[in-house]
Amino acid sequence: MAKPVVLIAEELSPATIDQLGPDFDIRHVDGANRDALLPALANAHAVLIRSATKMDAEAIAAAPDLKVIARAGVGLDNVDIKAATEAGVMVVNAPTSNITSAAELAIALLLSVARHIPRAHESLSRGAWKRSAYTGVELYDKTVGIIGLGRIGALVAERLAGFGVRLIGYDPYIQPTRAAQLGVELVDMPTLMAQSDFITIHIPKTPETTGMISDAEFAMAKPELRVVNASRGGIIDEEALFRALESTTIAGAALDVFVSEPPEGSPLLGLPNIVVTPHLGASTDEAQEKAGVSVARSVKLALEGELVPDAVNVAGGVIDQSVRPGIGLMEKLGQVFIGLAGASLASVDVVVQGEITQHDVSVLKLAALKGIFQPIVSEQVSYVNAPLLAEARGVAVGMVVDEASGEYRNLLTIRGVLSDGHTVSVSATLMGPKQSQKLVEINGYDIEVPLATHHLVMVYRDRPGIVAVYGKEFGEAGINIAGMQIARKSAGGEALSVLTVDTRVPDEILERVATAIDATRLSAIEVVDL
């Protein structure tokens, strides 16, 4: 039999090729050359890329035998994951390959902005000797605020501890005990902004985190504040940052990431109190080597029909066909669960009930954890690192498998205990010949709501006129309600409304609605295909 064809579309290390071994027909092409790439894909079973090769719908359609696209790195902006999923093509990356490099870059940027290293180098290289012009500050005895205490944030905390700094952190999803292990005092955002001499950011970019540091936050800061972002562009409002730096509201900033990359024409680039680098977080020999070897290993697993832990769209491997539809549903259910939780977790139980329990359903626990952690950590979450993320955050994870499922053929549930003792549960099932994804329970309330991108969950005292109140608020704000269901356990008691809306609802409108109906809880949930 002919060997499977593995197409190397960009330069990869010799160790990557060695990892693939002799069982594949390895071919090379310049992935940036479209005219060369498309014909080369015709017989490919796998393609290995970095960032220059665009695996869009056209490229995927040109590869009828393609089984796996492997990105030797973290970002997947150059891969059309939706088109790949529809074509049954697995997409894999190397989610943990750059965490050490990213953490070390954050430290380097922090030191550079503290000691004016880039400008001092530039000055001296031009022949000037201006020692007093570049007087900096020490880290010792300063307060460093870390936003996001995931794997990269934790590495940063460990490295900063050696500088004799006081560490404070903001991360609503981490257990206080885990933060204490890292030597970090958990605080809220206003406290972190007000007390920090340095801030370093390590969170994902989501609708909630976009622009989370803006004019209001800079107004709280010390004039000595220096802020570092080597995470995602857009978490800091760049226009607000420009105003804060230009007016010396804060002392300095260091950026490796930008809203638009490259940041052509950005006024930030001309400021004297900023350090900028061209998205170098993963640009080390070690990170590149780890990424190549990691995805080569995934390609081998995929082409051998084994489970691929680093798959970002389909799990692949020896998973029964009756279990496969539950993977995507469980990933989405995890997003609903963490959206309802809104706080750090103490424990999570994944419950699988029904006919599918006749097969191995362990992948559904991994899918649930992937859905839970992807919205709240800065790194890409996969089936292999999701349990590690739970362990690192002190979250106990269990799984319950039960053949009995009551009125449903199959039922998937995630239950959790928050650090404050409150519990959260959410259940879903697949219904009908089209296997429609539906939410059927939230915190003990029976519902039946088709899963969509945007949901609002409101809890309030049951009384007449409430629907009219929030309907008016959303209507005036131009928010279209596509679907709605109300559940209650007794008249006049607590009621739960689940709304499906067409667009994301701004925070100020949510606050207004919560006040208008005297809601005890209002959660905005965004559900995406991971």
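This is a predicted model: local features need pLDDT of at least 70, side-chain atom pairs count only at pLDDT 80 or more; totals for chains, interfaces and linings use all residues.
A salt bridge here is a side-chain nitrogen of Lys or Arg within 4 Å of a carboxyl oxygen of Asp or Glu.

Take Glu331 and Lys370 to begin with. Their closest N and O atoms are 3.5 Å apart, and the two form a salt bridge. Glu331 sits in helix α13 (residues 324-341) while Lys370 belongs to helix α14 (residues 362-373), so this contact ties together parts of the chain that are 39 residues apart in sequence. Is this pair buried or exposed? Both Glu331 and Lys370 are buried. Buried stands for under 20% relative accessible area, a cut-off that will be handy again further on.

From here we can turn to the loops on either side of this part of the chain. Arg409 and Glu355 bring their side chains together in a salt bridge, at 2.8 Å from N to O. Here the link runs between distant parts of the chain, 54 residues apart: Arg409 is in the loop between β14 (396-402) and β15 (410-418), and Glu355 is in the loop between β13 (345-354) and α14. Arg409 has a relative accessible area of 61%, and therefore counts as exposed. Glu355, at 40% relative accessibility, counts as partly exposed.

Another bridge to look at joins Asp215 and Arg243, whose side chains meet at 2.7 Å, N to O. Asp215 is found in helix α10 (residues 215-220) and Arg243 in helix α11 (residues 238-246), so to speak two distant parts of the chain linked across 28 residues. Asp215 has a relative accessibility of 36% and is therefore partly exposed. Arg243 is partly exposed as well, because its relative accessible area is 40%.

How many salt bridges does a search of the whole structure find? The search finds 17 salt bridges. A network of salt bridges also turns up, linking Arg34, Asp56 and Glu58.

Glu104, Asp285, Glu286 and Glu289 make up a negative surface patch. Which element gives the most to the negative patch? That is helix α12 (residues 285-303), with 3 residues. Glu104, for its part, lies in helix α5 (residues 99-115).

Val467, Met484 and Ile486 form it, and together they have about 230 Å² of accessible area. Ile486 is placed in strand β20 (residues 481-488). With a relative accessible area of 39%, Ile486 is partly exposed.

Next come the aromatic rings. A search of the whole structure finds 1 aromatic pair. In that pair, Tyr470 and Phe474 are tilted, with 6.4 Å from centre to centre and 55° between the planes. The label follows from the angle, because planes under 30 degrees apart would count as stacked and those over 60 as edge-to-face. Both residues lie in helix α16 (residues 466-476), where they are 4 residues apart, about one turn of the helix. Tyr470 and Phe474 are both buried.

Finally, let us look at the backbone. Most residues other than glycine have a negative phi, and most peptide bonds are trans. Glu261 and Pro262 are joined by a cis peptide bond, with omega at about 0°. Pro262 is in the loop between β11 (252-255) and β12 (274-276).

His116 is not a glycine, yet has a positive phi of about 55°. His116 is in the loop between α5 and α6 (117-125). Its relative accessible area is 26%, so His116 is partly exposed. His279 has a positive phi of about 55° too, although it is not a glycine. The loop between β12 and α12 holds His279. With a relative accessible area of 40%, His279 is partly exposed.

Methods:
Residues are numbered from 1 along each chain as its sequence is written. Side-chain values use heavy atoms; hydrogens and water are left out. Patches are made of residues with over 30% relative accessible area and no salt bridge: like charges are joined within 9 Å, nonpolar side chains (Val, Leu, Ile, Met, Phe, Trp, Tyr) within 5 Å. Accessible areas come from the Shrake-Rupley method with a 1.4 Å probe; for residues, only the protein chains shown count as cover. Lys and Arg count as positive and Asp and Glu as negative; His and the chain ends are not counted. The place of a charge is taken as NZ of Lys, CZ of Arg, CG of Asp or CD of Glu. Rings of Phe, Tyr and Trp (its six-membered ring) pair if their centres lie within 6.5 Å; planes under 30 degrees apart count as stacked, over 60 as edge-to-face and the rest as tilted. Buried means under 20% relative accessible area, exposed over 50%, partly exposed in between (1.4 Å probe, protein chains only).
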